[in-house]
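User: I'm new to this one. Can you put the structure up and take me through it?

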Amino acid sequence: MTTLLTPTTNPGSLPLLPRPSSISGFGLFYAPGFSPLTREDIILDLKTPLLSIPGDKYLDEVCSWCMEWRPAKKDVYGKGKTPDPEDVEKELKKCTGCKVVRYCSRECQKHAWSDHHKLECPRYAALYPRVLPASVRACVRLLLLKERLPKALWEFGILKLDDHVRDFESEGGERWGMINLMAKGAHGYSGTELSEREVRGLYCMILTNTFAITPPTSDVQIGLSFDPLLAKINHSCCPNARIDITGKEAAVTAVTDVNVGDEVTVSYVDTEMNVEARRKELRETWFFECKCEKCKVELGGGKWKDGMLEDIKKSERDVPAGNKSEEVRGFVVEEMD
Ligand SMILES: [Zn+2]
Ligand SMILES: [Zn+2]
Ligand SMILES: [Zn+2]
């Protein structure tokens, strides 16, 4: 089962195994044969998650391969002033084919070209100056990569992830309208053989399963990251791990002790919000009622287990304010026609 979930780009034995979870569907569990972990130990390091996509407003400032963020210096110089040659040197270079993506170096451009950009560049070029929203670019790339991915990874690693398409549909309204529009775009621009309905499922899966790429120095979301393995990690409001994404590299780090057989969890929302606010966000965004220990106690239905409250207090400082991507919360994207 593990090999099915092993990202093609990151082979080797994995410390996380998929197993049925009491939280939801399948979760990832700390595997036998690995030593017990304590706070700040790295559980898993993914050098190249399957998809790393710059956000709509950051295409000019983020290298589309390594995801390094180089904020524009325009404001610093203002009109009529000559920029520092060193800053010009550091500017990201545009792909001359599509004029949409930028890279920090020749190496990054080469890697991106052979990994995926060869397939997407002509499609982006045909649309220029229009640029697809990040979630659609993610969906198109996944569709273009489909043929290259092992069949088992596609069928068991990707298609088996929650897509909540029925939940989105029964909610209806503006979000459902946008989902249909975006999925139609992804279907058309990718030229996939899959049906529009299948692409809509895939698009919803991406919306619910991507993580935000947030630079350490800022809380803006500069891009989104998706990997079928990370997407399997379930939520808890008192998680034992967190996901850090630096550049494109994603690390799962323990925030409490993690022993063999423990399910590894992260928080999809800001753990410091009160219980009602957390549960509301989880319900509206990921359509589930959280059954974690913290919710149980805070809703008055239980007592902290020995040492648990202390553990939570200690770990809370290390848990980022919810690092699931914001794409699904609201569509802050430009309309496509
Ligand atoms: Zn780069
Ligand atoms: Zn290009
Ligand atoms: Zn909870």
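User: Which residue is the bridge partner of S52 in β8?
Analyst: S225 is the bridge partner of S52. A word on the basis: this is a predicted model, where local features need pLDDT of at least 70, side-chain atom pairs count only at pLDDT 80 or more, and totals for chains, interfaces and linings use all residues. Residues are numbered from 1 along each chain as its sequence is written, chains are lettered from A and ligands numbered from 1 in the order in which they are written, and side-chain values use heavy atoms, with hydrogens and water left out.

User: How many bridges join β4 to β8?
Analyst: Four, and the strands run antiparallel. Strands here are DSSP E runs of at least two residues, helices are H or I runs of at least four, and both are numbered from the N terminus. Two strands pair if DSSP finds at least two bridges between them. β4 covers residues 51–54.

User: And what about β7?
Analyst: Strand β7 (residues 211–213) is joined to β8 by three bridges, also antiparallel. A212 stands opposite L224 there.

User: Which way do the residues of β8 point?
Analyst: G223 and S225 point one way, L224 and F226 the other. In a regular strand the side chains alternate between the two faces of the sheet. All four of these β8 residues are buried, meaning under 20% relative accessible area; exposed is over 50%, and partly exposed lies in between (1.4 Å probe, protein chains only).

User: Switching to metal. What coordinates the zinc ion (ligand 2)?
Analyst: C95, C98 and C121 through SG, plus H117 through NE2, at 2.0 to 2.4 Å. Donors are N, O and S atoms within 2.8 Å of the metal (3.2 Å for Na, K and Ca); water is not among the atoms, so sites may look incomplete.

User: Why is the arrangement tetrahedral?
Analyst: Because the four donor atoms subtend angles of 105 to 118°. Four donors count as tetrahedral if all angles lie between 85 and 135 degrees.

User: Where do C95 and C121 sit in the chain?
Analyst: C95 is in the loop between β5 (93–94) and β6 (102–103), C121 in helix α4 (residues 106–127). They are 26 residues apart and link distant parts of the chain. C95 is buried at 5% relative accessible area, and C121 is also at 5%.

User: Is α5 enclosed or open?
Analyst: Largely enclosed by the rest of the structure, because 12 of its 12 residues are buried. Those buried residues pack against β4, α4, α6 (151–158), α8, α9 and β8. Packing rests on contact, meaning heavy atoms within 4.5 Å.

User: What does α8 pack against?
Analyst: The buried residues of α8 pack against α4, α5 (134–145), α7 (165–171), α9 (196–209) and α10 (275–286). Among those buried residues are R175, W176 and M178. G191 follows α8, and its phi is positive, near 65°.

User: Last one. Is E272 buried or exposed?
Analyst: Exposed, at 61% relative accessibility. E272 lies in the loop between β12 (265–266) and α10.

Technical notes. Four donors count as tetrahedral if all angles lie between 85 and 135 degrees; four count as square planar and six as octahedral if opposite donors are over 155 degrees apart and all others between 65 and 115; anything else is irregular.
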